[in-house]
Amino acid sequence: MSASLEQSFVQQLKENQNIIHKICRLYTNDGDAHKDLFQEITIQLWKAFPKFRGDSKFSTWAYRVALNTAITLYRKSTRTVQTVDYEKHSFFISQEDYNTEEEEQIKLMYKAVYQLNDIEKALIFMYLEDKDYTEISETLGITEVNARVKMNRIKGKLKKILNP
C-alpha cells in the first residue's frame, strides 16, 4: 500500500473514530471487549480500504464495515478471530477514551438498545446519529421504506422498554 493511501486512511480513521467507538459501545459490555472490537474493526477497515472507491462518504462506508464486523464477531459462539499484526505498519492511532458517563440518559438508552436485535441496534444507532433514511438504507442494504417501517417498530419497542 502506498504511503499516500496509508496517510489518507489514518486521517479518515482519526476523523471518524467516534463512529467506531459508538458501535463498539453498542456491541460490548466492558472495556477490554470494546478495545478488542475497536482493533478488529480498524483491521477490517485497513484491509478493505484499498477497495474503497469513494462512491459514498468514508463515514458511511466505515459504518457498514464496522457494523458488519461487530455483528459477525458477536454472533459467533467462539470469539477466536484471525487478526493481522498491524504494528508492522508505520502508523499508530491513539485511542481516545469514549466517556459514556456524561449523561445518565445515554446510559438508560444504551440499556434499552441492548435489548434489541443486531439489525435493530444498527438502525437505531444510525438514526440517533442523525443519518437520513437514504444513508441508513444504503449502509444496511435495505430499502428506504423498509428502514422507515423498521424504525417505527423500534421506536415502539424502545418506548415499551423505557416506560414499562
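The following legends describe an overview and several close-up views of one predicted protein model.

Residues are numbered from 1 along each chain as its sequence is written, and side-chain values use heavy atoms, with hydrogens and water left out. Because the model is predicted, local features need pLDDT of at least 70 and side-chain atom pairs count only at pLDDT 80 or more, while totals for chains, interfaces and linings use all residues.

Figure 1. The protein chain has seven helices and zero strands; helices (H or I, at least four residues) and strands (E, at least two) are DSSP runs, numbered from the N terminus. In sequence order the pattern reads α-α-α-α-α-α-α. The chain has 164 residues, and 39% of them count as buried. Buried means under 20% relative accessible area, exposed means over 50%, and partly exposed lies in between (1.4 Å probe, protein chains only). The accessible surface of the chain is about 10100 Å², with 45% of this belonging to carbon and sulfur atoms; such areas come from the Shrake-Rupley method with a 1.4 Å probe, and for residues only the protein chains shown count as cover. Among the contacts in the chain with a separation of 6 or more, 72% are between residues 24 or more positions apart. A contact means heavy atoms within 4.5 Å.

**Figure 2. The largest nonpolar core.** How many residues does the largest nonpolar core have? The number is 40, and the residues with the most contacts inside this core are Ile23, Tyr27, Ile41 and Leu45. At least two core residues come from each of α1 (3–27), α2 (31–48), α3 (58–75), α4 (104–114), α5 (118–128), α6 (133–140) and α7 (144–162). Helix α3 supplies the largest share, 10 residues. A nonpolar core is a set of buried Ala, Val, Leu, Ile, Met, Phe, Trp, Tyr and Cys residues joined through side-chain atoms within 4.5 Å. In soluble globular proteins, nonpolar side chains tend to be buried together.

Figure 3. Ala70 is placed in helix α3. Why does Ala70 count as buried? Ala70 counts as buried because its relative accessibility is 0%. Ala70 and Cys24 are 46 residues apart along the chain, and their C-alpha atoms are separated by 7.4 Å.

**Figure 4. Phe58 and its neighbours.** Phe58 also has its place in helix α3. Phe58 has 6% relative accessibility and therefore counts as buried. Not counting residues up to four places away in sequence, Phe58 touches Gln12, Leu13, Asn16, Phe49 and Phe52.

Figure 5. Thr60 lies in helix α3, and Glu135 lies in helix α6. Thr60 is buried, with a relative accessible area of 5%; for Glu135, also buried, the value is 11%. Leaving out residues up to four places away in sequence, Thr60 touches Glu135, Glu138 and Thr139. With the same exclusion, Glu135 touches Lys57, Ser59, Thr60 and Met126.

**Figure 6. Helices α5 and α6 at their crossing.** The two axes come within 10 Å and cross at roughly 145°. Axes are lines fitted to C-alpha atoms, for helices over the stretch in contact, and angles run from 0 to 180 degrees between N-to-C directions. The crossing is right-handed; a crossing is left-handed if the near helix is turned anticlockwise from the far one by less than a right angle, and right-handed if clockwise. Ala122, Leu123, Met126 and Tyr127 of α5 meet Tyr133, Glu135, Ile136, Thr139 and Leu140 of α6. These contact residues divide into seven nonpolar, one polar and one charged. Here Ala, Val, Leu, Ile, Met, Phe, Trp, Tyr, Cys and Pro count as nonpolar, Asp, Glu, Lys and Arg as charged, and the others, Gly among them, as polar.

**Figure 7. The two ends of α6.** Asp130 is found in the loop between α5 and α6. Is Asp130 buried or exposed? Asp130 counts as exposed because its relative accessibility is 71%. The phi of Asp130 is positive, near 60°, in a residue other than glycine. Most residues other than glycine have a negative phi. Within α6, Tyr133, Glu135, Ile136, Ser137 and Thr139 are buried. After α6 comes Gly141, with a positive phi near 75°.
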